[in-house]
Amino acid sequence: MAQANGNIATLTVDIGGSGVKVMVLNEDGTPRTERKRVPTPQPPKTEPIINAIADLAAGQGEFDRISVGFPGVVQNGIIKTAVNLDPDWIDFDLATVLSQKLNKPVRVANDADIQGFGAISGHGVELVITLGTGFGSALFVNGKLVPNLEMGHHPFRKGQTYEEQLGRAALDDVGKKKWNQRLEKAISSLAHLFNYDHLYIGGGNTDEMTINLPPNAKIVPNVSGLLGGIALWRE
């Protein structure tokens, strides 16, 4: 699998509700190529998104393996939930289909999990939330992932979930000021629920944040959703 220089190259893919992003990483996780992005095909069905990944991959040079972050529950490379994409993703074997398409080994995980791998310190209880089309989440204990958390679809307030109150549709509906007030309440709620040591906040809508974060919370760059892909290949 290793290339001539002995460095295994990993194509990392981040599938989102609004964009599909790719980047190639060296074996130590450092970027080998620039991040490239295309809008998520609409409707966001399996075949157009697979084709978009293949088109992006063609411009990334040589790579040996592929890591994919997907916005939903993933079990053994098979998609189990896809709230912000098309229902035809349910029970779709993304790992196998993409591996056959690009003739490389593929591993797939939840996108917030991968973002977390790219952000966490590996010490204590660390929570990651992502603010994008939906509301992603990942929980780590001493660097070990607690899988399939999907906090976004848990009840939050006023009979709605975190995603219903804090997803992109909610931001567009209620405006930045009220959305930020909701986010502040969510952070307080999650702090009491998980008693985490650190909170990391990622996703495209972090640009809309105006609140003051507590000392143990910070915004992480969107590229973490690609950089964390290398962790899927650690044994």
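Tutor: Start with the largest pocket, which holds about 590 Å³ of space. This is a predicted model, where local features need pLDDT of at least 70, side-chain atom pairs count only at pLDDT 80 or more, and totals for chains, interfaces and linings use all residues. Residues are numbered from 1 along each chain as its sequence is written, and side-chain values use heavy atoms, with hydrogens and water left out.

Student: What makes something a pocket, and what counts as its lining?

Tutor: On a 1 Å grid over the protein atoms alone, a pocket is an open set of points where a 1.4 Å probe fits, with protein on both sides within 12 Å along at least five of seven lines; lining residues have an atom within 4 Å of a point. The volume is the space filled by probe spheres set on the points, which are joined across faces, edges and corners. Here the lining has 35 residues, and Gly16, Gly17, Asp111, Gly132 and Thr133 lie nearest the centre.

Student: Which element gives the most to that lining?

Tutor: That's α3, with 3 residues. Helices are DSSP runs of H or I with at least four residues, strands are runs of E with at least two, and both are numbered from the N terminus.

Student: How does the lining of the largest pocket divide by class?

Tutor: Into 6 nonpolar, 21 polar and 8 charged residues. Ala, Val, Leu, Ile, Met, Phe, Trp, Tyr, Cys and Pro count as nonpolar, Asp, Glu, Lys and Arg as charged, and the others, Gly among them, as polar.

Student: And the second largest pocket, what lines it?

Tutor: Among its lining residues are Val74, Asp113, Phe117 and Leu232. About 170 Å³ of space lies in this pocket, and β7 gives the most to the lining, with 3 residues. By class, there are 7 nonpolar, 4 polar and 1 charged residues.

Student: Phe117 also pairs with Phe140; why is that pair called edge-to-face?

Tutor: Rings of Phe, Tyr and Trp (its six-membered ring) pair if their centres lie within 6.5 Å; planes under 30 degrees apart count as stacked, over 60 as edge-to-face and the rest as tilted. Phe117 and Phe140 have ring centres 5.1 Å apart and planes at 70 degrees, so edge-to-face it is. Phe117 lies in helix α3 and Phe140 in strand β9, so the pair ties together parts 23 residues apart in sequence.

Student: Are those two residues buried, or partly exposed?

Tutor: Buried means under 20% relative accessible area, exposed over 50%, and partly exposed in between (1.4 Å probe, protein chains only). Phe140 has 0%, so it's buried, whereas Phe117, at 23%, counts as partly exposed.

Student: What makes β9 mostly covered?

Tutor: In β9, 6 of its 7 residues are buried.

Student: How do you know that β8 and β9 pair?

Tutor: Two strands pair if DSSP finds at least two bridges between them. β8 and β9 have 7 bridges in the antiparallel sense, so they pass. Glu126 stands opposite Phe140 in β9, and the two strands form a hairpin with 3 residues between them.

Student: What about Phe70 and Trp89, what kind of aromatic pair do they form?

Tutor: The structure holds 5 aromatic pairs. Phe70 and Trp89 make a tilted one, at 5.0 Å centre to centre with 50 degrees between the planes. Ring pairs also link Phe70, Trp89 and Phe92 into a cluster.
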